[in-house]
Amino acid sequence: MKEFRHLEDVATLVLDETKCIGCSLCTEVCPHQVLEMHQKKAKIIDFNACMECGACVNNCPSSALTVNPGVG
Amino acid sequence: MKNKKKTQASTSGVTLMPSMDQINDNCCGQGADLPSPQEKPGYKLCNYVDKFITTEVGPVPRIKTKLDIRDRISTALVRCGINRYRYTIAPGLYGVGDPDKTSEVLVTANFKLTFDHLRRELATLNAWILVLDTKGVNVWCAASKGTFSSRELTNHILKADLDKIVDHKRVIVPQLGATGICAKAVKKESGFRVVYGPIRAADIIKFLENKRKADSSMRAVTFTFLERIILTPVELQIVLKPALITAIVLFILSGMGPGFFSFSGAWNRGAIAFITLAIGMVSGAVITPALLPYIPGRQFALKGFITGSLAALIMAGLIPAATASPSTGLALFLFCVTISSFLAMNFTGTTPFTSPSGVEKEMKRYIPIQLTTLVLSTGLWIYSAF
């Protein structure tokens, strides 16, 4: 999917690494591999691929992720 | 013994003719071989069910893994937007193959197209299928609409008595369902653990063989040429009604001229405007999606401007009347480009990679431009008649 890119720096995805408990579920559910595990913590590695689907936010057990698109 | 009994069954002591014993075989056929225990007055077996599996909690329909001609015809119609919102199957528990208490439970949506996609991949599998009520919408869209949800999944797990159907406590949910499901909430409410399966049904067998682990290719969304082109008939179908209204307006506008209104003008110039509309539609809703990664620019509206410009130039080369005067040519060019750009922008809603924030930004930027070109085009079109 790297050949498909929409606008840069628009996504509202925020990761609070201090809240991350390292379960890695977010890396499983993200359809665009935006997140990756680094030293038992999730890390945003491809911010501009985020389509704000909310899968990671929904499944994060420690509410470390948020996404807040407008009315869209 | 059997034959004897049959002849004695004759009325009023009259012995039936011996040939009548064969009546069933020769004259009236064998009679339909119905799956009798499933027959109920007023009910008809769905074409995708072949029998019922007996379980502790009652019969569970077993589904076929081969699509028949009816499935294929209805798939083609739905892909063209016909019956798209009523293409559902009954939610609940189904089985495939010869499932038992150790078999996996696959969760899916009750859009028949989704269901068909899933079952045709399961020919070698014994499994349970739990179909949620998503009102005939596919898993990903239903997940973002909130119908493919934790509550819906929990309700169906409980309603189907899933803890009596299987010994293990897990369900496999398609990865794209994660947008609507919270694994933690489902576990808490139903006792079942959610395992996120692959995105595509075609990867399920491999996923299960791999001890329920998806590799990175199973987790990544794709948007291939075929995946894009198959969406385009519906892209056209959904704009058919507004296009028809636009066409009527075009014919009226085309009739305006020196003599206030002329029917021959409406017809002749209207026809060219109508062709331009059709070309703009194909450019924005078919060509742009099909060639998406090859058209320069990131913003869909810009991509639509580019394809629309090329399409308009080709049209100008082929139809001399489209360039009868500079103002005519420019009006039609701008009109074609506007339609193409708008419909290309519309396609952002269909793609699997644009974010709502990105689409909002693009629309804020391009709708004013599209309105300007539309107004310019209309003005030039009326002016060109004088």
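Predicted model: local features only at pLDDT ≥ 70, side-chain atom pairs only at ≥ 80, totals over all residues.
Figure 1. Leaving aside its neighbours within four places in sequence, B:A160 contacts B:G92, B:L93, B:L130 and B:I165. The pair B:A160 and B:V57 is separated by 103 residues in sequence, while their C-alpha atoms are 8.2 Å apart in space.

**Figure 2. Packing of helices α6 and α8 of chain B.** Helix α6 of chain B comprises residues 150-159, and its axis comes within 9 Å of that of α8(B), with a crossing angle of roughly 30°. Because angles under 35 degrees count as roughly parallel, α6(B) and α8(B) are roughly parallel to each other. Their crossing is right-handed. On the α6(B) side, the contact is made by B:S150, B:L153, B:T154, B:I157 and B:L158, and on the α8(B) side by B:A185, B:V186, B:E189 and B:S190. Sorted by class, the contact of α6(B) with α8(B) has five nonpolar, three polar and one charged residues.

**Figure 3. The contact between chain A and chain B.** Chain B contributes 30 residues to the contact, and chain A contributes 27 residues. On the side of chain B that touches chain A, the elements giving two or more residues are α8 (183-190) and α17 (356-384) of chain B. Helix α17(B) supplies the largest share of that side, seven residues. The side of chain B that touches chain A is made up, by class, of 15 nonpolar, nine polar and six charged residues.

**Figure 4. The nonpolar cores.** The largest nonpolar core has 73 residues. Those with the most contacts inside this core are A:C26 and A:C56 together with B:V107, B:I129, B:L130, B:V171 and B:I181. Strand β5 of chain B (residues 127-132) provides the largest share of this core, six residues.

**Figure 5. Contacts of A:C26.** A:C26 is one of the residues with the most contacts inside the largest nonpolar core. Not counting residues up to four places away in sequence, A:C26 touches A:L35, A:A42, A:C56, A:N59, A:C60 and A:L65.

**Figure 6. Residues of chain A with positive phi.** Most residues other than glycine have a negative phi. A:Q33 has a phi near 50°, a positive value in a residue other than glycine, and is located in the loop between α1 (25-29) and β2 (35-38) of chain A. With 16 other C-beta atoms within 10 Å, A:Q33 is partly exposed. A:K40, likewise a residue other than glycine with a positive phi, has a value near 60°. Its place is in the loop between β2 and β3 (41-44) of chain A. A:K40 has 10 other C-beta atoms within 10 Å and is exposed.

**Figure 7. Packing of helices α13 and α14 of chain B.** The axes of α13 (residues 240-255) and α14 (residues 263-290) of chain B come within 7 Å and cross at roughly 145°. Helix α13(B) passes α14(B) in a right-handed crossing. From α13(B), the residues B:A243, B:T246, B:A247, B:L250, B:F251, B:I252, B:S254 and B:G255 meet B:F263, B:G265, B:A266, B:R269, B:G270, B:A273, B:F274, B:L277 and B:M281 of α14(B). The contact of α13(B) with α14(B) has, by class, eleven nonpolar, five polar and one charged residues.

**Figure 8. Packing of helices α14 and α15 of chain B.** The axis of α14(B) comes within 9 Å of that of α15 (residues 300-318) of chain B, and the two cross at roughly 135°. The helices α14(B) and α15(B) are therefore oblique to each other. The crossing of α14(B) and α15(B) is right-handed. Helix α14(B) takes part in the contact through B:T276, B:I279, B:G280, B:S283, B:G284, B:I287 and B:T288, and α15(B) through B:K303, B:G304, B:T307, B:G308, B:A311 and B:M315. By class, the contact of α14(B) with α15(B) has four nonpolar, eight polar and one charged residues.

Notes: Residues numbered from 1 in each chain as written. Chains lettered and ligands numbered in written order. Core = buried A, V, L, I, M, F, W, Y, C linked by C-beta atoms within 7 Å. Buried ≥ 20, exposed ≤ 12 C-beta atoms within 10 Å, placed from the backbone. Helix = DSSP H or I, 4+ residues; strand = E, 2+ residues; numbered from the N terminus. Contact = placed C-beta atoms within 7 Å. Nonpolar A, V, L, I, M, F, W, Y, C, P; charged D, E, K, R; others polar. Axes fitted to C-alpha atoms, helices over the stretch in contact; angles between N-to-C directions. Left-handed = near helix turned anticlockwise from the far one by under 90°. Parallel < 35°, antiparallel > 145°, perpendicular 65-115°, else oblique.
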